[in-house]
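Dear colleague,

I would be glad if you read the two side by side.

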Amino acid sequence: MQDGFNLKYLFYFGCAVAVMAIYAVIWQLILEYMPLTTAYMRKGVSYIMVFVWAVVIFKETLTVFNIIGMIIIFIGMAVSFSDEK
C-alpha cells in the first residue's frame, strides 16, 4: 500500500496546479485582446497540442481514431476562421 502524500506525488500535484494557474492567467490575457467566441474556437489547438505532447513525452499510442479526431478539430477551426474574414 502506497502513501498518497509522498514527496513525488506532492511534487507532481504542485506542478499540475502551477500549470493550471499559468493557463488561467494566459486565458485571461487572451480574452483581453479578442472576443470570447473567437478565443474559444481557437482553443481546439490546445487539444491537438496536448495529444502531441502525450505522444512525445509519455509515448502514448497514435491511433487512426486520434488522427481522425485531430483532423475534425482542425477542419472545425478552419471553418470558423473562414467565417471571421
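The second largest pocket takes at least two lining residues from each of α1 and α3, where helices are DSSP runs (H or I, at least four residues) numbered from the N terminus. Of these, α1 gives the most, with seven residues. A pocket here is an open set of points, on a 1 Å grid over the protein atoms alone, where a 1.4 Å probe fits, with protein on both sides within 12 Å along at least five of seven lines, and lining residues have an atom within 4 Å of a point.

Please bear in mind that this is a predicted model, in which local features need pLDDT of at least 70 and side-chain atom pairs count only at pLDDT 80 or more, while totals for chains, interfaces and linings use all residues. Residues are numbered from 1 along each chain as its sequence is written, and side-chain values use heavy atoms, with hydrogens and water left out.

The second largest pocket holds about 230 Å³ of space, a volume being the space filled by probe spheres set on the points, which are joined across faces, edges and corners. Its lining has 13 residues, and Y23, I26, W27, I30 and S46 lie nearest its centre; the lining divides into 10 nonpolar, one polar and two charged residues.

The largest pocket has a volume of about 310 Å³, and A16, V19, S46, M49, V50, W53, A54, I57 and F58 line it. The elements that give two or more residues to this lining are α1 (7–33) and α3 (44–58), with the largest share, seven residues, coming from α3.

With best wishes

Conventions. Ala, Val, Leu, Ile, Met, Phe, Trp, Tyr, Cys and Pro count as nonpolar, Asp, Glu, Lys and Arg as charged, and the others, Gly among them, as polar.
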